[in-house]
Amino acid sequence: MGYNIGALEYFLPIQASDSELVQKVVNSDEGAFLALYDRFAPRVYGLTLRVLGDSMLAEEATQDTFLKLWSRARQFIPGHGELASWLLTIAHRTALDRLRLEKRRLPASNALGSEEEWITIPDEASTNFDARWRSLYFAVQALPMQQRQVVDLAYYKGLSQSEISEVLGWPLGTVKTRLRAAMQALRQQWLDETVK
Amino acid sequence: MLRENCQPYQENLAAYSLGALDADEIIALEAHLVTCQDCQAELAEYREIAAGLLHSIPSRMPPSSLRRRLMTQLPSAQRRTPGLFARFFGQISFGQFAALAVMTVLLVLNLNSNRQLHDLQQQQTALLERLSTERMAVAMLAYPGTQALEVSTDIQNLTGSILVDKNKNTAVLVVQNLPALETGKTYQVWLIDAKGDRTSGGLFVPTERQEYTTAAIQSAVPIGKFVGVGVTVEPWGGSAQPTGERVLRVTW
């Protein structure tokens with residue numbers, strides 16, 4: 001799946017940085033706003049789809065995320081992190097809020113969702129996918145399935161450890177042990193990549 | 001190497017970075033983190049992982065219809081298509097719509113007036129913010145952990161509630177019959193901790209031509225870390241600490 005550059009980006013300097021575009025959005029520049037949409041919508045939509053598991057809800061969450069960018073652009077401080085991280089954090093919270101509103105319950109047999117969600121490999125050639133995140137993606141895939149399950153339910157479905165214990169029917173201690181083991185493995189992988 | 005007394009907290013660092021702790025565990029861990037730099041450092045590493053988990057999800061191209069829908073909600077589209085505008089701002093009164101229509105006419109007649117254009121865009125941004133706050137209130141009403149706490153006040157006819165989930169970093173204040181402000185003033189929300197210290201939770205002004213006002217309260221930590229909320233009248237732009245008349249208060 002290719003990454004389509006929106007038509008409006010042709011009318012903006014190709015090298016326009018995220019910070020430059022956000023500053024234009026602060027000044028209500030709709031062209032800059034749509035350029036940011038074209039730049040980040042695939043990642044935002046991918047994340048909201050991952051959380052919500054429903055394309056219509058994901059579209060609404062993606063729309064809400066970018067409307068928050070429009071109204072809160074002034075709150076983004078370039079020196080405090082990347083715009084992508086800020087935007088994905090908003091998308092994550094927006095999607096989780098919507099998930100709770102929908103009161104979705106995950107049957108234990110479907111707790112991990114479709115394996116396809118993890119099989120679609122990010123295409124490094126067609127997206128601006130940083131190698132770090134690609135490496136982390138594969139590290140998550142390499143986790144034992146039960147560890148992947150608890151990470152998925154905790155972070156992408158917003159459940160607490162006690163809620164995960166209830167959903168999966170596992171003892172709370174088992175949930176905690178597996179979540180901790182998963183994150184320790186990812187942390188070690190992350191630290192090893194940093195050293196390289 | 002971490003000290004021995006870190007062990008019960010160290011075990012929860014990863015889950016905390018993912019937002020997967022229960023409320024009592026969060027309170028205990030955050031109290032420990034205040035003084036433990038080793039745990040702070042380890043938490044920072046887990047938070048990098050958590051951030052990476054957001055970035056590592058494969059991109060998916062949204063339907064082109066989503067971009068078109070988003071474009072219809074931008075100010076330029078609202079000026080061209082009043083019908084779509086009315087549907088999007090479903091809670092805006094006819095009076096406010098009429099006021100915005102009048103402003104649009106002024107814009108057409110004064111195309112070179114940059115100051116009027118800027119004011120219009122600011123007000124439309126404020127409307128978007130208000131809609132976002134009211135959507136948050138609706139979402140919070142569905143949370144099982146949300147409490148609705150009544151405000152206490154000495155101001156006649158002023159009533160209201162705060163919607164709060166103590167595990168969240170945001171709350172919503174809904175107030176009726178909030179007095180209008182003098183020029184150069186604003187309402188400021190204060191989050192009050194157990195020691196009586198105040199932390200600003202945001203600024204807001206009464207909603208014009210509406211009986212009720214909603215305000216989102218933002219906190220850097222879960223609201224449950226505080227024992228109450230107060231609202232005072234402050235100079236425009238807010239104050240570092242409360243200086244003006246207290247309007248209302250909520251405690252829990």
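Predicted model: local features only at pLDDT ≥ 70, side-chain atom pairs only at ≥ 80, totals over all residues.
**Chain B in outline**

Let's start with chain B. Eight helices and eight strands make up its secondary structure. The chain runs to 252 residues, and 29% of them count as buried. If you take the contacts in chain B between residues at least 6 apart in sequence, 58% of them join residues at least 24 apart.

Helix H1 of chain B spans residues 7-17, and its buried residues are Tyr9(B), Asn12(B), Leu13(B), Ala14(B), Ala15(B), Tyr16(B) and Ser17(B). Just past H1(B) sits Gly19(B), with a positive phi of about 75°.

**Where the chains meet**

Chain A puts 54 residues into the contact between the chains, and chain B puts in 42. On the chain B side, the elements giving two or more residues are H1, helix H3 (37-55), helix H4 (64-72), helix H5 (75-80) and helix H8 (114-142). H3(B) has the largest share of that side, at 10 residues. Sorted by class, the chain B side that touches chain A has 24 nonpolar, 10 polar and eight charged residues.

On the chain A side, Glu59(A), Thr62(A), Gln63(A) and Phe66(A) of H3(A) take part, and they meet Leu66(B), Arg69(B) and Leu70(B) of H4(B). The residues of this contact come out as three nonpolar, two polar and two charged.

**How H3(A) packs**

H3(A) also packs against helices of its own chain, namely H2(A) and H4(A).

| Helix pair | Angle between axes | Axis separation | Crossing |
|---|---|---|---|
| H2(A) and H3(A) | about 140° | 8 Å | right-handed |
| H3(A) and H4(A) | roughly 135° | within 9 Å | right-handed |
| H3(A) and H4(B) | about 40° | 11 Å | right-handed |

Now for the orientations. With its angle of about 140°, H2(A) is oblique to H3(A). H3(A) and H4(A) are oblique to each other too, and the pair H3(A) and H4(B) is likewise oblique.

Helix H2 of chain A covers residues 30-52. From H2(A), the residues touching H3(A) are Phe33(A), Leu36(A), Tyr37(A), Ala41(A), Val44(A), Tyr45(A), Thr48(A), Leu49(A) and Leu52(A), while H3(A) answers with Ser55(A), Leu57(A), Ala58(A), Ala61(A), Thr62(A), Thr65(A), Phe66(A), Leu69(A) and Trp70(A). That contact divides into 14 nonpolar and four polar residues, with no charged ones.

Helix H3 of chain A runs over residues 55-72, and helix H4 of chain A over residues 83-102. Their contact uses Leu57(A), Ala61(A), Asp64(A), Thr65(A), Lys68(A) and Leu69(A) from H3(A), plus Leu87(A), Ile90(A), Ala91(A), Thr94(A), Ala95(A), Arg98(A) and Glu102(A) from H4(A). The class count for H3(A) with H4(A) is seven nonpolar, two polar and four charged.

Is H7(A) largely enclosed by the rest of the structure, or largely open? Nine of its 12 residues are buried, so H7(A) is largely enclosed. The buried residues are Gln147(A), Gln149(A), Val150(A), Val151(A), Asp152(A), Leu153(A), Ala154(A), Tyr155(A) and Tyr156(A). After H7(A) comes Gly158(A), whose phi is positive, near 70°.

Val150(A), which lies in this helix, is worth a look of its own. Its burial goes with 31 other C-beta atoms within 10 Å. Setting aside neighbours within four places in sequence, Val150(A) is in contact with Ile164(A), Val175(A), Arg178(A), Leu179(A) and Ala182(A). Ser165(A) is 15 residues away from Val150(A) along the chain, and their C-alpha atoms are separated by 9.2 Å.

**Ser19(A)**

Finally, there is Ser19(A), found in helix H1 of chain A, residues 18-26. Ser19(A) is partly exposed, with 14 other C-beta atoms within 10 Å. In sequence, Ser19(A) and Glu82(A) are 63 residues apart, and their C-alpha atoms are 8.7 Å apart in space.

Notes:
Residues numbered from 1 in each chain as written. Chains lettered and ligands numbered in written order. Buried ≥ 20, exposed ≤ 12 C-beta atoms within 10 Å, placed from the backbone. Helix = DSSP H or I, 4+ residues; strand = E, 2+ residues; numbered from the N terminus. Contact = placed C-beta atoms within 7 Å. Nonpolar A, V, L, I, M, F, W, Y, C, P; charged D, E, K, R; others polar. Axes fitted to C-alpha atoms, helices over the stretch in contact; angles between N-to-C directions. Parallel < 35°, antiparallel > 145°, perpendicular 65-115°, else oblique. Left-handed = near helix turned anticlockwise from the far one by under 90°.
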